[in-house]
Amino acid sequence: MFMISNAGRTSFTWFGTVPRVTITDPEMVREILSKKFDHFGRANISPLGRWLASGVLSYEGEKWAKHRRILNPAFHAEKLKQMLPAFSACCSDLVVRWANFVSLEGSYELDVWPELQSFARDVISRAAFGSSIEEGRRIFEHQAELANEKLCWAKCGFLPTPRNNRVKAIDREVRSIIGGMTKKREEAIKMGGESKDDLLGLLMESNMKQYQEHGNKKAGLTTEEVIEECKPFYFAGQETASVLLTWTMVVLSMHPNWQVRAREEVLQEFGKDKPDSEGLSHLKIVTMILYEVLRLYPPVILLQRKAYDKIKIGNITYPPGLFFALPMISIHHYQELWGKDASEFKPERFSEGVAKASKYQVAFFPFSGGPRICIGQNFVLLEAKMGLAMILQRFSFELSPSYTHAPHIHINLQPQHGAQLRLHKL
Ligand code: HEM
């Protein structure tokens, strides 16, 4: 459970040498993310952050708008349906693996956090790059190594220390892997082949449309830019998805009545068959549960923005260059917005949709808001529904006595000591 102080809606702090205003009023959050979007940029991030969060995640202004326009069609709900077989294959691998563990003893204790991390990696690798799973895995291994180098590199990225040289070598290797995949696709398309139904294929298809519609090369992305756009699929798509599924399993272990309700819904819709996209869109209880988990345990806990110019938010005018923090996790827990039971797990608050769940429509924003809203939200909700449905079809689960509840921030909101659950085969 989180302890949130309701003291003050807007506060000012020094973050090292940087002045920072923290905004917790949902209306003011909306002003920053949506209404006055043009006046803000994303706050500066560390060199590691810049490497991990490259492409559209890091751009501003016209460059961001152009890249976002080209990426959008690849994440359209209709296009995502084409990726369902990839999601389904990854889910099957996961549940078959777990079933093998469980069949030895009838039940089995497992830390599901690393399991779901590896599941989310496979999903991104297959959904983003189709058959090139091995290359995808190599990118993740490099990324994990980079995340461990975080502190040193963030402080002295430009010095030719052995660690910094290693980071640069990793960067070259990742570019060359993604560059190789992109080149193969370009050649296949030039030879008259179809672009594939994965994110890379859809991105290249959308990019080519831009070339054709505008008749000039500048309208599309260069190969180098396509490579930069593939990196955030890994960074933004993996850890977030795996923590969402992990917290969902933890919370459903703490609230077995909701686990039963979710399973009943899934079995009613699919029986023991593989979930399809139409059926997934009917899962109301599962959706309410996922939203409530995203409210209580938002994978991204804070958004940051920097004002380009002098800006009025609420009744106060702020000077240019000021940093703003929007602490989503606090806003998701405010009693004034969510009621006295704000810190309790109550999926029923979403029974009439997101807009009616709190006193202000904009109090729930796990995927951010405005034009920079998470491009992958439909992708991850489909992935999570499919994953959860297939787990619920085959297993019941409860907390293990060795589980310690310790939400902890390491880039995302993670379970500090893992998520040890006992699985029972159904
Ligand atoms: C539960 C899972 C996820 C959560 C909670 C989440 C959350 C977010 C948030 C809060 C932002 C906005 C950051 C900001 O405004 O500063 C964002 C942006 C973004 N996300 Fe996600 N995300 C998730 C999954 C994904 C997935 C699966 C992908 C891709 C496959 C993805 C790709 C992106 C990209 C490319 C952006 C940048 C959009 C832009 O700046 O225009 N995300 N995400």
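Visitor: Where does Thr240 lie?
Guide: Thr240 lies in helix α11. Keep in mind that this is a predicted model.

Visitor: Is Thr240 buried or exposed?
Guide: Thr240 counts as buried because its relative accessibility is 18%, and the cut-off for buried is under 20%.

Visitor: Which residues does Thr240 touch, leaving out those up to four places away in sequence?
Guide: Thr240 touches Pro299, Val300 and Asn412.

Visitor: Asn412, ok. What does strand β11 pair with?
Guide: Strand β11, residues 412–415, pairs with strand β10, residues 407–410. The pairing is antiparallel and runs over 4 bridges.

Visitor: Give me one bridge. Which residue in β11 is the partner of His408?
Guide: The bridge partner of His408 is Gln414.

Visitor: And how many residues sit between β10 and β11 in the hairpin?
Guide: The hairpin has 1 residue between the two strands. Ile411 is in the turn, with a positive phi of about 65°.

Visitor: Changing topic, the ligand. How many residues surround it?
Guide: The ligand is surrounded by 24 residues. Arg42, Trp64, Arg68, Arg305 and Cys374 are the closest.

Visitor: What classes are in that shell?
Guide: The shell around the ligand has 16 nonpolar residues, along with 4 polar and 4 charged ones.

Visitor: Which elements give two or more residues to the shell?
Guide: Those are α3 (61–71), α11 (223–254), β5 (303–307) and α17.

Visitor: Which one gives the largest share?
Guide: The largest share comes from α11, with 4 residues. Helix α11 is also where Thr240 lies.

Visitor: Where is Cys374 in the chain?
Guide: Cys374 is in the loop between α16 (335–338) and α17 (377–394).

Visitor: Why does Cys374 count as partly exposed?
Guide: Cys374 counts as partly exposed because its relative accessibility is 32%, and that class lies between the 20% and 50% cut-offs.

Visitor: Last one. Which residues does Cys374 touch, not counting those up to four places away in sequence?
Guide: Cys374 touches Arg68 and Phe367. Arg68 is also one of the closest residues to the ligand.

Technical notes:
Residues numbered from 1 in each chain as written. Predicted model: local features only at pLDDT ≥ 70, side-chain atom pairs only at ≥ 80, totals over all residues. Heavy atoms only, no water. Buried < 20%, exposed > 50% of the residue type's maximum accessible area, 1.4 Å probe, protein only. Contact = heavy atoms within 4.5 Å. Near = heavy atom within 4 Å. Nonpolar A, V, L, I, M, F, W, Y, C, P; charged D, E, K, R; others polar. Pairing = 2+ DSSP bridges.
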